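The sequence and structure come first.

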Amino acid sequence: MDTMRDRFIATTTRLLDEDPRLALLLAEISKDGFRQALDRHPDRVINVGIREQLLIGAGGGMALTGMRPIMHTFASFLVERPFEQLKLDFGHQGVHGVLVSAAGSYDWPAGGFTHMAPGDVALMDTLDGWTVHVPGHPDEAEALLRRAAASEESVYVRLSAHANASAHPMSPGGFTVLREGARGVVVAVGPMLDNVLAATEGLDVTVLYATTVRPFDGEAMRRAVAGARPDVVLVEPYLAGTSTAAANDALAELPHRVLGLGIGRRELRRYGSIEEHLAGQGLDPAALRARITAFLP
């Protein structure tokens with residue numbers, strides 16, 4: 001199976017051929033994969049080098065001319081380092097574009113904490129109007145990338161080397177019901193789905209699958225808790241608790257409990273595989289099952 005990043009390169013290369021409005025801006029990362037696109041569209045595929053603030057600033061300038069910029073690098077360099085440019089060159093200027101990241105929370109452990117961004121979605125939450133997609137499989141990544149490129153919105157697509165074994169149906173802009181139960185509701189975001197399904201096997205719970213987390217699908221959550229106890233567990237592949245406030249807002253009119261699971265604030269300094277990072281964060285199936293069953297009555 002190809003990776004989400006492989007699919008991003010192949011899909012964006014085709015989109016550049018199809019839509020003359022699109023532009024691609026890189027900051028060294030993935031440049032070798034886009035050699036064909038650069039040869040065919042040298043005026044719309046631009047590598048700014050290791051200058052991430054310029055990456056976002058140039059994208060904002062292109063958006064001001066009516067182009068649809070797609071900006072790509074690792075999440076820590078796409079969201080965290082040039083955050084001021086995102087806030088001003090897009091939000092303040094009232095223009096829109098597509099951010100596509102790689103190496104989110106723990107995708108390249110050997111790169112160390114400089115190449116990890118567990119706080120990226122929480123940081124994007126401080127900006128107004130951004131749609132955030134978190135695909136769990138390359139097929140889902142392609143569909144969401146095409147949707148983002150064709151839209152007029154500000155969109156963040158968070159790609160990961162961690163992926164589910166299979167793609168799943170995606171409700172447009174919302175959560176998909178994969179299992180139904182009465183004991184509570186577990187929301188699995190993107191690549192956390194396989195571990196959540198394994199962890200909840202045999203449990204009487206509803207499982208919702210989320211590949212779009214902003215806007216938050218409060219309506220789907222309210223429908224889910226109507227058929228179950230109003231106890232919700234959120235399992236996210238980034239900072240634990242990122243969507244807890246959104247879930248609380250969705251359920252504000254009824255008594256409920258929310259448990260936010262994800263990447264902790266404490267830095268794990270023993271770098272290993274993705275699977276070892278998941279275990280270290282308590283996000284492997286065994287740990288998830290223990291944490292979910294301890295929370296649900």
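## Contacts and overall dimensions

Among contacts in the protein chain between residues at least 6 apart in sequence, those joining residues at least 24 apart make up 73%. The model is predicted, and 56% of the 297 residues of the protein chain count as buried.

The protein chain has 12 helices and 12 strands. Its radius of gyration is 19 Å, close to the 19 Å given by the globule rule for 297 residues, so the protein chain is as compact as a globular protein of that length. Along the principal axes, the C-alpha atoms fill a box of roughly 60 × 40 × 30 Å.

## The seven-stranded sheet

Seven strands form an open sheet with mixed pairing, in the order β2-β1-β3-β4-β6-β5-β10. At its edges are β2 (45–47) and β10 (212–214), each of which pairs on one side only. Neighbouring strands of this sheet are turned by 20° against each other on average, direction ignored.

Strand β1 (residues 22–26) pairs with β2 in the parallel sense, over 3 bridges. Within this pair, L25 has I46 of β2 as its bridge partner.

## Helix α1

Helix α1 (residues 4–18) has 15 residues, which at 1.5 Å a residue should span 21 Å; the end C-alpha atoms are 21 Å apart, so the two values agree.

The buried residues of α1 are M4, R7, F8, I9, T11, T12, T13, L15 and L16. Their cover includes the strands β1, β2, β3 (68–74) and β4 (98–102), together with the helices α2 (35–40) and α7 (138–150).

Conventions: Residues numbered from 1 in each chain as written. Predicted model: local features only at pLDDT ≥ 70, side-chain atom pairs only at ≥ 80, totals over all residues. Heavy atoms only, no water. Pairing = 2+ DSSP bridges. Helix = DSSP H or I, 4+ residues; strand = E, 2+ residues; numbered from the N terminus. Axes fitted to C-alpha atoms, helices over the stretch in contact; angles between N-to-C directions. Expected span 1.5 Å × (residues − 1). Buried < 20%, exposed > 50% of the residue type's maximum accessible area, 1.4 Å probe, protein only. Contact = heavy atoms within 4.5 Å. Rg over C-alpha atoms; globule rule 2.2 N^0.38 Å.
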